[in-house]
Amino acid sequence: MTRTLPAAVDVREVGPRDGLQGEAPIAPEDRARLVAALLDAGVRRIEAVSFVSPEAVPAMAQPRAVLSALPRHEGVTIAALVPNLRGADMALEAAVDEITVTVAASAEYNRRNVNMSIDESVRAVTEICARCADAGVSVDAVVSCAFGSPYEGDIPSTDVAQLAERLRQAGATALTLADTTGMATPRVLADVLAATGTDVGLHLHETRGTGLLNAYAAMEMGVRRFDSSVGGLGGSPFAETAAGNLATEDFVALLDDLGVRTGISLARLLRASALAEHLVGHRLPSPVYRVGPRLG
Ligand code: MG
């Protein structure tokens, strides 16, 4: 049987940021240990920290302490999420390799999340991109609620594509479409990707048990960049229904089976998962972590 699968995909690990932000605060040295364990497993792109207000998100406090405790790895991209220009300046000062910004395709979600209209958010991204361009740092703009909003329901794919284009015009060097509330299905993905093109990253959630299914479907449609989170940690603290990022273990196990390269060793990744579970102090949702990989 013939299938159109890529030889390799790019996996961006988001557990240390997206995964841990909703957890009880963990010491910066321990967060750095988790990042180091993930790099040791072969992760080459990782969202390690965010430069947000420590009052707003206590679990993300002291990003500089996390970064300075990290070992230097050749060929690794360390990314930081920033909410505004001030955060971008701090991240650039801390010499991160990539900056992540988010704008929701849902006007209501954007308002509740950052108290800005979509236009205001795009203007803020424009300023951040200009600053990053001066510093030679790339910006990945994440469109959240790209596959549906808990407030408006379906977002027209033309609206998502239009916002993506505006973010490219604003200077974003890469785009990621996020299924913030787990509303994507292969049908919705096909609709949105037809409008945006497949030169996007995908940030998928398991809220409705479709994360891994959607990743497989998107790969067949031509997408080559995916976010995932160690253990399946994380969701959105601003959307009650959103729980569980696509788990890195589940994704890598599937890709290994399909012969799609990620550069990540599942055996070593599972050691990082054990550390993550120890640090958060509760069980991780990833089934592959829970029961182990299938025997080959
Ligand atoms: Mg997420």
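1. Helices here are DSSP runs of at least four residues, numbered from the N terminus. The model is predicted.

2. Start with the largest pocket. Its volume is about 920 Å³. The lining counts 47 residues. Gln-21, Val-52, Leu-81, Pro-83 and Thr-102 lie nearest the centre of this pocket.

3. Which element gives the most to the lining of the largest pocket? It is H6, with four residues. H6 spans 118-135. Other elements giving two or more residues include helix H1 (15-19), strand E2 (45-50), helix H4 (85-93) and strand E4 (98-104). Strand E5 (138-144) is also among them.

4. By class, the lining of the largest pocket holds 24 nonpolar residues, 16 polar ones and seven charged ones.

5. Now the magnesium ion. Its protein donors are Asp-18 through OD, His-203 through NE2, His-205 through NE2 and Asn-245 through OD1. They lie 2.1 to 2.2 Å from the ion. Along the chain, the donors follow the spacing D-x184-H-x1-H-x39-N.

6. Are His-205 and Asn-245 buried or exposed? The cut-off for buried is under 20% relative accessible area. His-205 has 2% relative accessibility, so it counts as buried. Asn-245 is buried because its relative accessible area is 2%.

Note on methods:
Residues numbered from 1 in each chain as written. Predicted model: local features only at pLDDT ≥ 70, side-chain atom pairs only at ≥ 80, totals over all residues. Heavy atoms only, no water. 1 Å grid on protein atoms, 1.4 Å probe; cavity = no way out; pocket = protein on both sides within 12 Å on 5 of 7 lines; lining within 4 Å. Points joined across faces, edges and corners; volume = space filled by probe spheres on them. Nonpolar A, V, L, I, M, F, W, Y, C, P; charged D, E, K, R; others polar. Donors = N, O, S within 2.8 Å, 3.2 Å for Na, K, Ca; no water. Buried < 20%, exposed > 50% of the residue type's maximum accessible area, 1.4 Å probe, protein only.
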